[in-house]
Amino acid sequence: MKNKEKEVDLNVSLIPYIKDEEIRGTTLSSPYGINMIQAKSFWKVSQKGEGINIAIIDSGCDIEHINLKDSIVGVRNFTDEDNKNPNIVVDRVGHGTHVTGIIAANGENGIVGVAPGANIYVLKAINRSGTGKLSWVINAINYAVEKKVDIISMSLGMSVNNEKLERAVKEAINKNILVVCAAGNEGDGNAEDFQYSYPAAYVDVISVGAVDKRGNLAYFSNANLVIDVVAPGVEILSTYPNNSYASLSGTSMATPYVSGSLALLKNWSKEEFQRNLTEEELYAQLIKHTKTLNYSRAVQGNGLIYLKEEKAIKKIKY
């Protein structure tokens, strides 16, 4: 009888992305994505996401960045960097800092996030090489569940399914946490040629594809049967380490637009329905706030996030 092989701790990678340029300076132009998804029109009725807790599982963050330092309420390092010190989340890649800014940048130098009032937990599960161990990601997900966050945002993935990862994701969703993941950047422009990345490919995860500022599908955005929505993901200007800014492209960038939008929808819906909606109900509200594009459902899912506030309709008497 063969000895059971020791289970390998698989590698998870950041969803590959494109660095367009790095920028230093002040008074930059406001990121186009905020206007494209109509986030500002929703701020008043959603308190800019105030009080909503979002865990970003990524490469860490520049927690002293002028745009971000007041939004971060907790940090945790799950990698082997910095002698495994759980309190050090230095971002040596830039990816995590960029994603965090898309959600929560405070408006300094013109750079503002979708939900600048949200609380951010920086959970570092990716090291300087842009990769991490599957166990690091799973531990980060479990930690987010322990902290009872409202939303988990992950712009990372792997090409194969894994039961432990799926179990951790399901546990989070069962605890009423919205899990938002990048669909992946292996697309080839063919809506009939499917590519899957995990955890985005799990049915209960909100899988996000990317479009550019004109609403054109990003050539790299994955096609498959579980894409839920698309959001801006081409030439996205956001925060970067050392108090700088950078323009990046990828479904990695589209994902935090959706995570931030869900923070706004969670606050709006609590006021609108006078109760906390379930994870399924919030997903339904997200889908209601989309705009269908002229593309196959295999690349856009339900369409582009569009947060235009609904006008009050007079009640009809029967």
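Okay, let's start with L68, which is buried, with a relative accessible area of 0%. Buried here means under 20% relative accessible area, exposed is over 50%, and partly exposed is in between, with a 1.4 Å probe and protein chains only. Before I go on: this is a predicted model, where local features need pLDDT of at least 70, side-chain atom pairs count only at pLDDT 80 or more, and totals for chains, interfaces and linings use all residues. Residues are numbered from 1 along each chain as its sequence is written, and side-chain values use heavy atoms, with hydrogens and water left out.

So where does L68 sit? You'll find L68 in the loop between β3 and β4 (72-77). Helices (H or I, at least four residues) and strands (E, at least two) are DSSP runs, numbered from the N terminus. Leaving aside residues up to four places away in sequence, L68 touches C61, D62, T97, T100, G101, A104, A105 and T239, where contact means heavy atoms within 4.5 Å. There's also P116, 48 residues apart from L68 along the chain, and the two C-alpha atoms are separated by 9.0 Å.

Next up, helix α3, residues 95-104. Here 10 of the 10 residues are buried, so α3 is largely enclosed by the rest of the structure. T97, T100, G101 and A104 are among those buried residues, and L68 touches each of these four.

What does α3 pack on? The axes of α3 and helix α6 (residues 251-273) come within 8 Å and cross at roughly 35°. Those axes are lines fitted to C-alpha atoms, for helices over the stretch in contact, and angles run from 0 to 180 degrees between N-to-C directions. The crossing of α3 and α6 is right-handed; that means the near helix is turned clockwise from the far one by less than a right angle, and left-handed is anticlockwise. From α3, the contact uses H95, H98, V99, I102 and I103, and from α6 it uses S252, M253, P256, Y257, S259 and G260. By class, that's six nonpolar, five polar and no charged residues. Nonpolar covers Ala, Val, Leu, Ile, Met, Phe, Trp, Tyr, Cys and Pro, charged covers Asp, Glu, Lys and Arg, and the others, Gly among them, are polar.

Now the second pair. Helix α4 (residues 134-146) and helix α5 (residues 163-174) have axes that come within 9 Å and cross at roughly 15°. That makes α4 roughly parallel to α5, a label for angles under 35 degrees, with over 145 roughly antiparallel, 65 to 115 roughly perpendicular and the rest oblique. This crossing, α4 with α5, is left-handed. On the α4 side we have L134, V137, I138, I141, N142 and V145, meeting K164, L165, A168, V169 and A172 in α5. The contact of α4 with α5 has nine nonpolar, one polar and one charged residues.

Last, the backbone. Just after α4, K148 takes a positive phi of about 55°. K48, in the loop between α2 (40-46) and β3 (53-58), has a positive phi near 55°, and K48 is partly exposed at 39%. E235 has a positive phi of about 55° too, although it is not a glycine; E235 is partly exposed, at 45% relative accessibility. And the peptide bond from Y198 to P199 is cis, with omega near 20°; P199 lies in the loop between β9 (178-182) and β10 (206-211).
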